[in-house]
Amino acid sequence: MSTKVSDHILQRLREWGVDHVFGYPGDGINGLLAAWGRAENQPRFVQSRHEEMSAFEAVGYAKFSGRLGVCVATSGPGAIHLLNGLYDAKLDHVPVLAIVGQTHRTAMGGSYQQEVDLHTLFKDVASDFIETVTVPEQLPNVIDRAIRTAYARRSPTAIIVPGDVQELDYSPPTHEFKMVPSSLGRSSWTAVPSEDSLQRAAEILNSGDKVAILVGQGAAGARAEVERIAEVLKAGVAKALLGKDVLSDELPYVTGSIGLLGTRPSYELMRDCDTLLTIGSSFPYTQFMPEFGKARGVQIDIDPHMVGMRYPYEVNLVGDAKATLERLIPMIDPARGPEWYDTVCDNVSRWREVMERRAQQSADPINPEYVTHALDALLPENAIVTSDSGSAANWYARHLTMRPGMRSSLSGTLATMGPGVPYAIGAKFAHPDRPAIALVGDGAMQMNGLAEMITAAKYRHAWEDPRLIVAVFNNRDLNQVTWEMRAMEGAPSFLPSQEIPDVQYAAFARSLGLTGVRVEKPEDVEAGWRAGLEADGPAVIEFLTDPAVPPIPPHATWEQMEATAASILKGDADRGSMIKQGLKAKVQEFLPGHDKK
């Protein structure tokens, strides 16, 4: 039997080492689906409940494996559904390949069913490489370039294959004019800065007495080198959210996350430093970095497109973090006093006490900070943790202690709702022998997490360690936006937009044959977590949490929070336990550890 274009596409993916493709069927990719049947499901087709989830699962797979994530969708609506997940990949710099169908070539331009101008649709999200295959001879070059580009640019790329092209007999490019041959593979490479720029960077770092280091996901391959330069510089290290698992939070000088969802010691580190070294991060919030003119700055990033735009750095070192630090560390003078280092460590210790106190504060019915704080001590050493966007991300950022061997991530730059559960599913296919835990708000769970629990149930037997624990913070409120309205707009909660239905999440899990536990009292929180961690498959642990617990920014003052409380008292509607006076008191109750001046 002849080899079809669709057969060759799957063969080429296998030759590139692709072992999973996340997708949803449709007649625009019927040729590919038939080829999957002939290929005995190699690479494995992982069926989500929605194409957006396929893209998120590909992103999660890529984030936690370091390998290419691949998703596939039919023409028209299927391709459109991929967009949000692909934008997540684009903004977080993750290599993902999207393969999408298109109507037959004979119908294109005829306003045919499901005909969408896919080049225009994907022009921005897959701007590094997008191509339509119109004849077999374009392969394998199009596939090879899409994959190489995704890896090299750390970005999403897209291939469009019309339905009739999928069914054509494959014929390779020939040794003729206007044919483009191709080859497999990509060699490893390392970029390093010039010696002169390293010397200038060392001069700046050596001149500082109060050095702050900010790391992002680009420093993940340089953990030992980051620790070494921090120790030599006697510096504190703050972590962008995408770099949460880069360094262990058990190190005394690691101040934790930075930004609105960050910690007080990270805020103090940036406020008081005189020198800033940023490694592998494009953290965008300038107001959480040193005042301009107060600190000298050095940046290390492998992407020249991403340097020099977050802070007025004096030296921008374009290079791989590990290779650059290996060359920079011998140039650093360790002769500086311990005063700054001791201050940073003291701030970290004090913050941990504050977090302990805040987790123990009473709430009605359960303090969401306590839910995450209780998980911290129970986390398996090889756990993979994902978080959705929303107030759950605050507790993820502040209460979970990343230890060596643990992995974690969320939608960093896009900050979209909905990836927590599909990220965890993608992580399970990347590491089937490790437990995955997703922290998800009830809004995100209703948006798409419930449906993807069906996917988790479908594939539970494919994982050596079948544990996938989804923790749902059930407060019947789109909580992060509610607090943003109060704090930033001075407006009470607008219930028609913020209040959401009370759903029986644990019961839904049980209806799928999964573990489902509903936790209604604080004294049952730890037992709820243990039930999920001891389950023999995916589990939903539903915690009834208090929407009145404020995600206080690390730079908040009493005056700012009292103003927020006043706006609540002035106009917020009563809702269950969240009475007006009680909510104001709750804001003030959760302020210990913050400046009163």
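Predicted model: local features only at pLDDT ≥ 70, side-chain atom pairs only at ≥ 80, totals over all residues.
**Exercise 1.** Determine the order of the strands in the open sheet of six strands, and identify its edge strands.

Solution. Reading across the open sheet, the order is β14-β13-β15-β16-β18-β17, and the pairing is parallel. The edge strands, each of which pairs on one side only, are β14 (407-409) and β17 (515-519). Averaged over the sheet and with direction ignored, neighbouring strands are turned by 15° against each other.

**Exercise 2.** Describe how β15 is joined to β13 and β16, and trace the chain from β15 to β16.

Solution. Start with β13, which runs parallel to β15 and is joined to it by four bridges; here S387 has L439 as its bridge partner in β15. Next, six bridges join β15 (residues 436-441) to the parallel strand β16 (residues 468-474), with I437 opposite I469 and G441 opposite F473. Finally, the chain passes from β15 through helix α17 (residues 442-459) to β16 in a right-handed β-α-β crossover.

**Exercise 3.** Locate S75 and classify its accessibility.

Solution. S75 lies in the loop between β3 (69-73) and α4 (77-81). Its relative accessibility is 4%, and since buried means under 20%, S75 counts as buried. Beyond its neighbours within four places in sequence, S75 is in contact with G28, G101, Q102, T103 and Q114.

Technical notes: Residues numbered from 1 in each chain as written. Heavy atoms only, no water. Pairing = 2+ DSSP bridges. Helix = DSSP H or I, 4+ residues; strand = E, 2+ residues; numbered from the N terminus. Axes fitted to C-alpha atoms, helices over the stretch in contact; angles between N-to-C directions. Buried < 20%, exposed > 50% of the residue type's maximum accessible area, 1.4 Å probe, protein only. Contact = heavy atoms within 4.5 Å. Right-handed = clockwise from strand over helix to strand, strands pointing away.
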